[in-house]
2 protein chains.
Amino acid sequence: MGATKTDHFTDKQNNIANMAKAIGHPARVAILEYLMKVDTCICGDIVNEIPLAQPTISQHLKELKNAGIIKGNVEGNSMCYCIDENTIARLQKYFATISRKLDRKKCC
Amino acid sequence: MGATKTDHFTDKQNNIANMAKAIGHPARVAILEYLMKVDTCICGDIVNEIPLAQPTISQHLKELKNAGIIKGNVEGNSMCYCIDENTIARLQKYFATISRKLDRKKCC
DNA sequence: TTTTATTATCGTAATATTGCAATATTAATT
DNA sequence: AATTAATATTGCAATATTACGATAATAAAA
């Protein structure tokens, strides 16, 4: 035990969970907000912005990328990361749909 | 090590992360979608709907409740859980804000 | 009051995540 | 080619999560 039983759930459910999980860490939220703040697609100065060691940040970036939250482009010897708008839009729509459906119901 | 360094981040960042983390598991997404589907606030038949043991589901419900995603009301000897619209609305707005800001930028 | 139904908690094993130092990799620069 | 700069990977220790059996707690029903 200890491992998530992903096979019991639909692909869509697993996908939503994966995206949410990636955002489910304050460092990754901070990365997301930094990428949103800077006007240009930013590279390694995320390390200077966030008080965690470089390997830790690299790992967080990897998880965000694996979940499709951000994209990464090689730019010379540095990396250019940026938010994937499509994924954010998908999450936004998901929660919008829930909100809409809840409006029609009386809750406890 | 191993513990998340929440003190390095803002309350808002930690809060967004906590909500996202709660949704970051397929069983909890399935619970959310079930609560959304049934017309009335549903109680213990979540256990019949989701292929996990009762204590596991109770634990997942607790996490969703702690993160403010769902609310729970005692209804006799059973529990009435339902989605907290405010929390969902907050998440929806968060992603909508990101989407809006990204629109004005050229990305990699 | 005993039984039954419903949900929560405890204890525990298996696995995953977080964080970092050390090191590797890669490409530009000298 | 050697150096430098930027990022990724490896290995590992600390901690957290997931899942469930056993059991407790609570309230309705018999």
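How many helices and strands does chain A have?

## The fold of chain A

Chain A has five helices and two strands. Helices are DSSP runs of H or I with at least four residues, strands are runs of E with at least two, and both are numbered from the N terminus. Along the sequence, the pattern reads α-α-α-α-β-β-α.

This is a predicted model: local features need pLDDT of at least 70, side-chain atom pairs count only at pLDDT 80 or more, and totals for chains, interfaces and linings use all residues. Residues are numbered from 1 along each chain as its sequence is written, while chains are lettered from A and ligands numbered from 1 in the order in which they are written.

## Spread and burial

The radius of gyration of chain A, taken over C-alpha atoms, is 17 Å.

Of the 108 residues of chain A, 33% count as buried. Buried means that 20 or more other C-beta atoms, placed from the backbone, lie within 10 Å of the residue's own.

## Two chains, one axis

A rotation of 180° with 0.0 Å of shift along its axis superposes chain A on chain B, with an RMSD of 0.0 Å. Two residues are in contact if their C-beta atoms, placed from the backbone, lie within 7 Å.

The contact takes 41 residues from each of chain A and chain B. On the side of chain A, helix 5 (85-103) gives the most, with 11 residues. By class, this side has 24 nonpolar, 10 polar and seven charged residues. Asp, Glu, Lys and Arg count as charged; Ala, Val, Leu, Ile, Met, Phe, Trp, Tyr, Cys and Pro as nonpolar; the others, Gly among them, as polar.

## Around DNA strand D

There are 28 residues around DNA strand D. A residue is near the strand if its C-beta atom, placed from the backbone, lies within 6 Å of it. A:Cys43, A:Gly44, A:Pro55, A:Ser78 and B:Gly2 come nearest.

Helix 4 (54-66) of chain A gives the most to this surface, with six residues. By class, the surface has 11 nonpolar, 15 polar and two charged residues.

Notes:
Least-squares fit on C-alpha atoms with pLDDT ≥ 70 in both. Rg over C-alpha atoms; globule rule 2.2 N^0.38 Å. Buried ≥ 20, exposed ≤ 12 C-beta atoms within 10 Å, placed from the backbone.
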